[in-house]
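Dear colleague,

Please read them with the model open beside you.

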Amino acid sequence: MCFCVHLRHTCIRKRCMRLRKTKNRNAIKWGWRTTAYFTLLTLLLSGCWDRKETNELGMILTVGFDQLVDGTKEVSILWFVPGAGGGESGGQSGSSSGGRQGNIYRYTGTGRTATEAYSSIQQKITRRLFWAETKIVLFGETLAKAGISDELDFLFRNLDTREQMRLFLSERSAKEKIYELSDPNVVSLLLSFAQDAKFRSNTLVEVMQGISGESKAFFLPYLDTRKINVNLKQTGIWQEADKIAVISQRKLTGSLEKKLAKGNLWLGPNLLRRIVGVPFGKDGQLVTLEIIRHKFRLRPQVSGNKWSMEVRIDVEADVYQNTSNVNFFAAEDNLRKLEGPFNKEIQKEVESVIEYLQTEARADAIGFGHAFHCRYPSIWKREKANWNERFPSVETKVVVNSKIRRAGLSTLIQLTDPKK
(Lines give C-alpha, C1' and ligand atoms only; values in the text may rest on other atoms or scores of the structure.)
Protein backbone atom coordinates (compact mmCIF):
# COMPACT_ATOMS: atom_id res chain seq x y z
CA MET A 1 0.00 0.00 0.00
CA CYS A 2 2.76 2.43 0.97
CA PHE A 3 4.77 1.53 -2.15
CA CYS A 4 1.80 2.37 -4.41
CA VAL A 5 1.27 5.76 -2.77
CA HIS A 6 4.96 6.59 -3.06
CA LEU A 7 4.96 5.62 -6.76
CA ARG A 8 1.96 7.78 -7.47
CA HIS A 9 3.53 10.85 -5.84
CA THR A 10 6.70 10.24 -7.81
CA CYS A 11 4.75 10.19 -11.09
CA ILE A 12 2.97 13.41 -10.17
CA ARG A 13 6.27 15.14 -9.37
CA LYS A 14 7.77 14.08 -12.70
CA ARG A 15 4.71 15.28 -14.60
CA CYS A 16 4.88 18.67 -12.85
CA MET A 17 8.57 18.98 -13.68
CA ARG A 18 7.86 18.24 -17.35
CA LEU A 19 5.10 20.90 -17.38
CA ARG A 20 7.43 23.46 -15.82
CA LYS A 21 10.14 22.74 -18.38
CA THR A 22 7.58 23.02 -21.20
CA LYS A 23 6.28 26.36 -19.87
CA ASN A 24 9.81 27.68 -19.48
CA ARG A 25 10.68 26.65 -23.04
CA ASN A 26 7.51 28.31 -24.35
CA ALA A 27 8.20 31.48 -22.37
CA ILE A 28 11.75 31.63 -23.70
CA LYS A 29 10.50 30.98 -27.22
CA TRP A 30 7.90 33.79 -27.03
CA GLY A 31 10.43 36.09 -25.44
CA TRP A 32 12.83 35.63 -28.34
CA ARG A 33 10.03 36.07 -30.85
CA THR A 34 8.85 39.32 -29.22
CA THR A 35 12.41 40.64 -29.14
CA ALA A 36 12.87 39.77 -32.80
CA TYR A 37 9.60 41.50 -33.77
CA PHE A 38 10.46 44.71 -31.94
CA THR A 39 13.98 44.70 -33.40
CA LEU A 40 12.56 44.33 -36.90
CA LEU A 41 10.06 47.15 -36.35
CA THR A 42 12.81 49.40 -35.01
CA LEU A 43 14.89 48.79 -38.12
CA LEU A 44 11.93 49.55 -40.38
CA LEU A 45 11.13 52.88 -38.69
CA SER A 46 13.03 55.82 -40.14
CA GLY A 47 12.67 58.26 -37.24
CA CYS A 48 11.11 61.69 -37.89
CA TRP A 49 9.82 60.83 -41.34
CA ASP A 50 7.47 63.84 -41.45
CA ARG A 51 9.87 66.42 -40.03
CA LYS A 52 9.76 70.00 -41.32
CA GLU A 53 12.99 71.92 -41.05
CA THR A 54 12.66 75.60 -40.15
CA ASN A 55 14.96 76.68 -42.96
CA GLU A 56 12.59 75.02 -45.44
CA LEU A 57 9.41 76.74 -44.25
CA GLY A 58 7.73 80.12 -44.57
CA MET A 59 5.38 80.85 -41.65
CA ILE A 60 2.11 82.40 -42.84
CA LEU A 61 0.99 85.03 -40.30
CA THR A 62 -1.97 86.56 -42.13
CA VAL A 63 -3.91 85.61 -45.26
CA GLY A 64 -6.34 87.82 -47.15
CA PHE A 65 -9.00 87.03 -49.76
CA ASP A 66 -10.34 89.49 -52.37
CA GLN A 67 -12.41 89.47 -55.53
CA LEU A 68 -11.51 91.64 -58.52
CA VAL A 69 -13.96 93.39 -60.84
CA ASP A 70 -13.92 90.57 -63.40
CA GLY A 71 -14.63 87.95 -60.72
CA THR A 72 -11.02 86.76 -60.44
CA LYS A 73 -10.02 85.66 -56.93
CA GLU A 74 -6.99 87.21 -55.27
CA VAL A 75 -5.09 85.79 -52.29
CA SER A 76 -2.49 87.81 -50.37
CA ILE A 77 -0.29 86.42 -47.63
CA LEU A 78 1.97 87.93 -45.00
CA TRP A 79 4.64 85.37 -44.11
CA PHE A 80 7.70 85.27 -41.93
CA VAL A 81 11.14 83.71 -42.38
CA PRO A 82 12.80 83.24 -38.95
CA GLY A 83 16.46 84.16 -38.68
CA ALA A 84 16.80 85.10 -42.37
CA GLY A 85 19.48 87.59 -43.33
CA GLY A 86 18.09 88.37 -46.76
CA GLY A 87 14.87 87.94 -48.62
CA GLU A 88 13.58 86.33 -51.73
CA SER A 89 12.55 88.71 -54.41
CA GLY A 90 8.99 88.49 -55.56
CA GLY A 91 9.06 91.06 -58.34
CA GLN A 92 5.86 93.03 -58.66
CA SER A 93 3.81 90.59 -56.62
CA GLY A 94 6.03 90.38 -53.55
CA SER A 95 7.91 92.61 -51.13
CA SER A 96 9.92 92.13 -47.96
CA SER A 97 11.03 93.98 -44.87
CA GLY A 98 13.79 92.94 -42.52
CA GLY A 99 13.77 92.55 -38.78
CA ARG A 100 16.20 91.47 -36.11
CA GLN A 101 14.75 87.99 -35.86
CA GLY A 102 13.89 87.45 -39.50
CA ASN A 103 12.19 88.88 -42.55
CA ILE A 104 8.54 89.52 -43.35
CA TYR A 105 7.28 89.06 -46.90
CA ARG A 106 4.05 89.88 -48.70
CA TYR A 107 2.94 88.03 -51.81
CA THR A 108 -0.20 88.12 -53.92
CA GLY A 109 -1.55 85.57 -56.35
CA THR A 110 -4.61 85.48 -58.61
CA GLY A 111 -6.69 82.69 -60.09
CA ARG A 112 -10.17 81.47 -60.86
CA THR A 113 -10.45 80.10 -57.33
CA ALA A 114 -8.72 80.72 -54.02
CA THR A 115 -6.84 77.44 -54.43
CA GLU A 116 -5.42 78.50 -57.81
CA ALA A 117 -4.40 81.89 -56.42
CA TYR A 118 -2.69 80.31 -53.41
CA SER A 119 -0.92 77.75 -55.60
CA SER A 120 0.45 80.54 -57.81
CA ILE A 121 2.09 82.03 -54.71
CA GLN A 122 3.63 78.72 -53.67
CA GLN A 123 5.12 78.30 -57.17
CA LYS A 124 6.97 81.62 -56.89
CA ILE A 125 8.91 80.78 -53.73
CA THR A 126 11.25 77.95 -52.77
CA ARG A 127 10.07 77.57 -49.19
CA ARG A 128 7.02 75.56 -48.27
CA LEU A 129 4.29 77.77 -46.84
CA PHE A 130 3.30 76.63 -43.34
CA TRP A 131 -0.06 77.44 -41.70
CA ALA A 132 0.76 76.62 -38.07
CA GLU A 133 1.37 80.27 -37.15
CA THR A 134 -1.60 81.72 -39.05
CA LYS A 135 -3.74 83.72 -36.63
CA ILE A 136 -5.77 86.09 -38.85
CA VAL A 137 -7.86 85.70 -42.00
CA LEU A 138 -9.05 88.86 -43.79
CA PHE A 139 -11.91 89.14 -46.29
CA GLY A 140 -12.28 92.17 -48.52
CA GLU A 141 -15.71 93.84 -48.37
CA THR A 142 -16.29 93.40 -52.13
CA LEU A 143 -15.73 89.66 -51.80
CA ALA A 144 -17.93 89.46 -48.68
CA LYS A 145 -20.87 91.04 -50.53
CA ALA A 146 -20.52 88.50 -53.34
CA GLY A 147 -20.13 85.64 -50.88
CA ILE A 148 -17.27 83.94 -49.03
CA SER A 149 -18.53 80.37 -49.48
CA ASP A 150 -15.66 79.24 -51.74
CA GLU A 151 -13.00 80.79 -49.51
CA LEU A 152 -14.43 79.13 -46.41
CA ASP A 153 -14.45 75.83 -48.29
CA PHE A 154 -10.74 76.34 -49.04
CA LEU A 155 -10.00 76.96 -45.34
CA PHE A 156 -12.15 74.10 -44.07
CA ARG A 157 -10.66 71.50 -46.43
CA ASN A 158 -7.03 72.53 -46.01
CA LEU A 159 -5.45 70.08 -43.57
CA ASP A 160 -2.74 72.57 -42.60
CA THR A 161 -5.04 75.37 -41.42
CA ARG A 162 -5.57 75.84 -37.70
CA GLU A 163 -9.04 75.89 -36.17
CA GLN A 164 -8.25 78.80 -33.84
CA MET A 165 -7.36 81.37 -36.52
CA ARG A 166 -9.64 84.43 -36.30
CA LEU A 167 -11.66 85.93 -39.13
CA PHE A 168 -12.04 89.65 -39.91
CA LEU A 169 -13.45 91.89 -42.65
CA SER A 170 -11.76 94.86 -44.28
CA GLU A 171 -13.58 97.85 -45.76
CA ARG A 172 -10.77 98.16 -48.26
CA SER A 173 -9.22 95.18 -49.99
CA ALA A 174 -7.48 92.62 -47.82
CA LYS A 175 -4.39 93.07 -49.99
CA GLU A 176 -4.07 96.76 -49.03
CA LYS A 177 -4.40 95.86 -45.35
CA ILE A 178 -1.71 93.20 -45.55
CA TYR A 179 0.72 95.40 -47.47
CA GLU A 180 0.49 98.06 -44.76
CA LEU A 181 2.10 95.70 -42.25
CA SER A 182 5.84 96.11 -42.56
CA ASP A 183 7.15 95.79 -39.00
CA PRO A 184 7.36 92.45 -37.11
CA ASN A 185 6.33 94.29 -33.92
CA VAL A 186 3.17 95.56 -35.62
CA VAL A 187 2.37 92.03 -36.71
CA SER A 188 2.75 90.84 -33.10
CA LEU A 189 0.37 93.61 -32.02
CA LEU A 190 -2.09 92.51 -34.68
CA LEU A 191 -1.97 88.90 -33.53
CA SER A 192 -2.60 89.84 -29.89
CA PHE A 193 -5.38 92.18 -30.98
CA ALA A 194 -7.15 89.32 -32.76
CA GLN A 195 -7.40 87.41 -29.49
CA ASP A 196 -9.24 90.22 -27.68
CA ALA A 197 -12.67 88.79 -26.88
CA LYS A 198 -14.55 92.10 -26.83
CA PHE A 199 -14.30 92.50 -30.61
CA ARG A 200 -16.52 89.45 -31.20
CA SER A 201 -14.02 87.97 -33.63
CA ASN A 202 -14.91 84.37 -34.48
CA THR A 203 -12.48 81.52 -34.82
CA LEU A 204 -12.68 79.14 -37.76
CA VAL A 205 -14.46 76.60 -35.52
CA GLU A 206 -17.08 79.14 -34.44
CA VAL A 207 -17.71 80.11 -38.05
CA MET A 208 -18.23 76.43 -38.87
CA GLN A 209 -20.78 76.25 -36.06
CA GLY A 210 -22.51 79.40 -37.30
CA ILE A 211 -22.76 78.08 -40.87
CA SER A 212 -24.08 74.70 -39.76
CA GLY A 213 -26.41 76.16 -37.11
CA GLU A 214 -30.09 76.96 -37.26
CA SER A 215 -29.71 80.59 -38.38
CA LYS A 216 -26.74 80.29 -40.79
CA ALA A 217 -25.62 83.74 -39.55
CA PHE A 218 -22.77 85.13 -37.46
CA PHE A 219 -20.80 88.31 -36.74
CA LEU A 220 -17.36 89.28 -38.06
CA PRO A 221 -15.59 92.48 -36.93
CA TYR A 222 -14.11 94.96 -39.37
CA LEU A 223 -10.39 95.49 -38.94
CA ASP A 224 -9.55 99.17 -39.43
CA THR A 225 -5.96 100.37 -39.79
CA ARG A 226 -5.14 103.87 -38.57
CA LYS A 227 -1.85 105.71 -38.40
CA ILE A 228 -0.75 107.20 -35.08
CA ASN A 229 2.19 109.44 -34.17
CA VAL A 230 4.86 107.47 -32.31
CA ASN A 231 7.26 110.43 -32.03
CA LEU A 232 8.21 113.54 -34.02
CA LYS A 233 9.90 111.54 -36.79
CA GLN A 234 7.93 108.33 -36.99
CA THR A 235 4.35 107.19 -37.40
CA GLY A 236 3.01 103.81 -36.43
CA ILE A 237 -0.05 101.73 -37.25
CA TRP A 238 -2.84 100.95 -34.82
CA GLN A 239 -5.59 98.41 -35.37
CA GLU A 240 -9.20 99.08 -34.35
CA ALA A 241 -12.47 97.19 -34.68
CA ASP A 242 -15.40 99.48 -33.92
CA LYS A 243 -17.68 98.13 -36.65
CA ILE A 244 -19.17 94.64 -36.89
CA ALA A 245 -20.32 92.89 -40.07
CA VAL A 246 -23.41 90.70 -40.18
CA ILE A 247 -22.87 87.58 -42.29
CA SER A 248 -25.93 85.57 -43.34
CA GLN A 249 -25.96 82.67 -45.80
CA ARG A 250 -22.18 83.32 -46.18
CA LYS A 251 -22.77 86.85 -47.55
CA LEU A 252 -22.43 90.32 -46.05
CA THR A 253 -25.97 91.55 -45.35
CA GLY A 254 -25.34 94.50 -43.02
CA SER A 255 -23.04 96.09 -40.48
CA LEU A 256 -23.35 97.44 -36.95
CA GLU A 257 -21.80 100.89 -36.68
CA LYS A 258 -20.15 102.24 -33.52
CA LYS A 259 -23.25 102.68 -31.35
CA LEU A 260 -24.90 99.47 -32.49
CA ALA A 261 -21.61 97.61 -32.14
CA LYS A 262 -21.42 98.63 -28.48
CA GLY A 263 -25.01 97.51 -27.94
CA ASN A 264 -24.20 94.18 -29.55
CA LEU A 265 -21.68 93.46 -26.80
CA TRP A 266 -24.58 92.91 -24.38
CA LEU A 267 -25.72 89.98 -26.53
CA GLY A 268 -22.58 87.91 -26.05
CA PRO A 269 -20.65 86.30 -23.22
CA ASN A 270 -17.68 88.71 -23.07
CA LEU A 271 -18.28 92.16 -21.62
CA LEU A 272 -16.02 92.44 -18.58
CA ARG A 273 -14.62 95.87 -17.63
CA ARG A 274 -16.71 97.87 -20.07
CA ILE A 275 -17.40 101.50 -19.09
CA VAL A 276 -20.95 102.88 -19.49
CA GLY A 277 -22.10 106.46 -18.81
CA VAL A 278 -25.63 107.07 -17.45
CA PRO A 279 -27.27 110.53 -17.09
CA PHE A 280 -28.49 110.88 -13.48
CA GLY A 281 -29.62 113.50 -10.99
CA LYS A 282 -31.32 116.86 -11.42
CA ASP A 283 -28.47 118.29 -13.49
CA GLY A 284 -28.42 115.25 -15.82
CA GLN A 285 -24.68 114.80 -15.48
CA LEU A 286 -23.07 111.45 -16.16
CA VAL A 287 -22.41 108.72 -13.65
CA THR A 288 -19.87 106.33 -15.16
CA LEU A 289 -20.25 102.65 -14.30
CA GLU A 290 -17.78 99.82 -14.76
CA ILE A 291 -19.33 96.49 -15.75
CA ILE A 292 -18.01 93.71 -13.52
CA ARG A 293 -20.19 90.82 -14.62
CA HIS A 294 -23.11 90.21 -16.95
CA LYS A 295 -25.27 87.27 -18.04
CA PHE A 296 -27.23 87.00 -21.27
CA ARG A 297 -30.14 84.56 -21.74
CA LEU A 298 -32.85 83.89 -24.31
CA ARG A 299 -36.32 82.68 -23.33
CA PRO A 300 -38.43 81.70 -26.38
CA GLN A 301 -42.20 81.30 -26.34
CA VAL A 302 -44.53 79.83 -28.99
CA SER A 303 -48.28 80.32 -28.66
CA GLY A 304 -50.18 79.20 -31.75
CA ASN A 305 -48.74 81.16 -34.65
CA LYS A 306 -47.20 83.78 -32.37
CA TRP A 307 -43.47 83.49 -31.74
CA SER A 308 -41.91 85.72 -29.08
CA MET A 309 -38.55 86.04 -27.40
CA GLU A 310 -37.57 87.45 -24.02
CA VAL A 311 -34.00 88.71 -23.96
CA ARG A 312 -32.87 88.76 -20.35
CA ILE A 313 -29.68 90.51 -19.23
CA ASP A 314 -28.38 90.52 -15.64
CA VAL A 315 -25.62 93.02 -14.86
CA GLU A 316 -23.35 93.80 -11.89
CA ALA A 317 -21.46 97.09 -11.89
CA ASP A 318 -19.51 99.57 -9.74
CA VAL A 319 -19.49 103.37 -9.84
CA TYR A 320 -16.34 104.40 -11.69
CA GLN A 321 -16.82 108.19 -11.70
CA ASN A 322 -19.54 110.54 -10.49
CA THR A 323 -19.92 113.97 -12.13
CA SER A 324 -23.50 114.51 -10.90
CA ASN A 325 -24.69 116.24 -7.72
CA VAL A 326 -25.95 112.97 -6.21
CA ASN A 327 -24.27 111.65 -3.07
CA PHE A 328 -24.21 107.86 -3.21
CA PHE A 329 -23.16 107.64 0.44
CA ALA A 330 -26.34 109.34 1.68
CA ALA A 331 -29.03 107.47 3.60
CA GLU A 332 -31.44 107.63 0.64
CA ASP A 333 -29.64 104.68 -0.99
CA ASN A 334 -29.16 106.46 -4.30
CA LEU A 335 -27.37 103.44 -5.75
CA ARG A 336 -30.71 101.63 -5.98
CA LYS A 337 -32.25 104.68 -7.67
CA LEU A 338 -29.45 104.65 -10.25
CA GLU A 339 -30.30 101.09 -11.31
CA GLY A 340 -33.53 102.16 -13.05
CA PRO A 341 -31.90 104.61 -15.51
CA PHE A 342 -29.05 102.16 -15.99
CA ASN A 343 -31.51 99.40 -16.97
CA LYS A 344 -33.21 101.72 -19.48
CA GLU A 345 -29.87 102.67 -21.03
CA ILE A 346 -28.97 99.01 -21.62
CA GLN A 347 -32.47 98.18 -22.83
CA LYS A 348 -32.36 100.97 -25.39
CA GLU A 349 -29.01 99.79 -26.78
CA VAL A 350 -30.10 96.16 -27.07
CA GLU A 351 -33.46 96.99 -28.68
CA SER A 352 -31.67 99.06 -31.33
CA VAL A 353 -29.46 96.11 -32.27
CA ILE A 354 -32.34 93.63 -32.46
CA GLU A 355 -34.45 96.04 -34.52
CA TYR A 356 -31.61 96.48 -37.02
CA LEU A 357 -31.08 92.72 -37.36
CA GLN A 358 -34.80 92.09 -37.87
CA THR A 359 -35.64 94.95 -40.24
CA GLU A 360 -32.48 95.78 -42.23
CA ALA A 361 -29.94 92.95 -42.02
CA ARG A 362 -32.70 90.31 -41.70
CA ALA A 363 -30.18 87.94 -40.17
CA ASP A 364 -30.47 86.01 -36.90
CA ALA A 365 -26.88 86.41 -35.79
CA ILE A 366 -27.90 86.44 -32.10
CA GLY A 367 -29.12 82.85 -32.00
CA PHE A 368 -32.91 83.09 -31.72
CA GLY A 369 -33.30 80.05 -33.97
CA HIS A 370 -31.08 77.91 -31.74
CA ALA A 371 -33.13 78.90 -28.66
CA PHE A 372 -36.42 77.96 -30.36
CA HIS A 373 -34.92 74.68 -31.57
CA CYS A 374 -33.84 73.70 -28.04
CA ARG A 375 -37.17 74.69 -26.43
CA TYR A 376 -39.56 73.42 -29.12
CA PRO A 377 -37.76 70.73 -31.19
CA SER A 378 -40.92 69.30 -32.80
CA ILE A 379 -42.26 72.74 -33.81
CA TRP A 380 -38.84 73.78 -35.09
CA LYS A 381 -38.63 70.69 -37.27
CA ARG A 382 -41.77 71.82 -39.11
CA GLU A 383 -40.91 75.53 -39.31
CA LYS A 384 -37.11 75.64 -39.76
CA ALA A 385 -37.36 75.95 -43.54
CA ASN A 386 -39.27 79.24 -43.11
CA TRP A 387 -37.11 80.69 -40.35
CA ASN A 388 -35.61 83.49 -42.48
CA GLU A 389 -39.13 84.77 -43.20
CA ARG A 390 -40.35 84.27 -39.62
CA PHE A 391 -37.39 85.84 -37.79
CA PRO A 392 -38.28 89.49 -38.61
CA SER A 393 -41.78 88.99 -37.13
CA VAL A 394 -40.65 87.52 -33.79
CA GLU A 395 -41.88 89.78 -30.97
CA THR A 396 -38.97 90.69 -28.72
CA LYS A 397 -38.98 91.89 -25.13
CA VAL A 398 -35.77 93.04 -23.44
CA VAL A 399 -35.60 92.66 -19.65
CA VAL A 400 -32.60 94.11 -17.81
CA ASN A 401 -31.86 93.60 -14.10
CA SER A 402 -28.82 95.44 -12.79
CA LYS A 403 -27.17 95.53 -9.41
CA ILE A 404 -24.75 98.34 -8.57
CA ARG A 405 -22.52 96.97 -5.85
CA ARG A 406 -20.15 99.74 -4.80
CA ALA A 407 -20.05 103.54 -4.97
CA GLY A 408 -16.27 103.82 -4.63
CA LEU A 409 -14.03 104.58 -1.67
CA SER A 410 -14.69 108.26 -1.00
CA THR A 411 -16.95 111.17 -1.86
CA LEU A 412 -14.57 113.84 -0.56
CA ILE A 413 -14.19 115.67 -3.89
CA GLN A 414 -17.93 115.84 -4.35
CA LEU A 415 -18.58 117.24 -0.84
CA THR A 416 -15.86 119.90 -1.09
CA ASP A 417 -16.46 121.01 -4.68
CA PRO A 418 -18.00 124.52 -4.65
CA LYS A 419 -19.73 123.84 -7.99
CA LYS A 420 -21.83 121.12 -6.34
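In this model, which is a predicted one, the count of aromatic pairs comes to 14. One of them joins Tyr 118 and Trp 131, whose ring centres are 5.6 Å apart and whose planes stand at 50°, so the pair is tilted. Since Tyr 118 belongs to helix α2 (residues 114-124) and Trp 131 to the loop between β5 (128-130) and β6 (136-140), the pair ties together parts that are 13 residues apart in sequence. Both partners fall under the 20% limit for buried residues: Tyr 118 has a relative accessibility of 12% and therefore counts as buried, and Trp 131, at 1%, counts as buried as well.

Another pair, formed by Phe 280 and Phe 328, is stacked, with 6.1 Å from centre to centre and 10° between the planes. Phe 280 is part of strand β14 (residues 275-280), while Phe 328 sits in the loop between β16 (306-322) and α9 (334-361), so that this contact ties together parts 48 residues apart in sequence. Here, too, Phe 280 is buried, with a relative accessible area of 11%, and Phe 328 counts as buried at 8% relative accessibility.

Beyond these, ring pairs link Trp 307, Phe 368, Phe 372, Trp 380, Trp 387 and Phe 391 into a cluster.

Finally, there are charges placed over rings: the charged end of Lys 175 sits over the ring of Tyr 179, 5.9 Å from its centre, and Lys 243 lies over the face of Tyr 222, at 4.7 Å from the ring centre.

Technical notes: Residues numbered from 1 in each chain as written. Predicted model: local features only at pLDDT ≥ 70, side-chain atom pairs only at ≥ 80, totals over all residues. Heavy atoms only, no water. Phe/Tyr/Trp six-rings, centres within 6.5 Å; stacked < 30°, edge-to-face > 60°. Helix = DSSP H or I, 4+ residues; strand = E, 2+ residues; numbered from the N terminus. Buried < 20%, exposed > 50% of the residue type's maximum accessible area, 1.4 Å probe, protein only. Lys NZ or Arg CZ within 6 Å of the ring centre and 35° of its normal.
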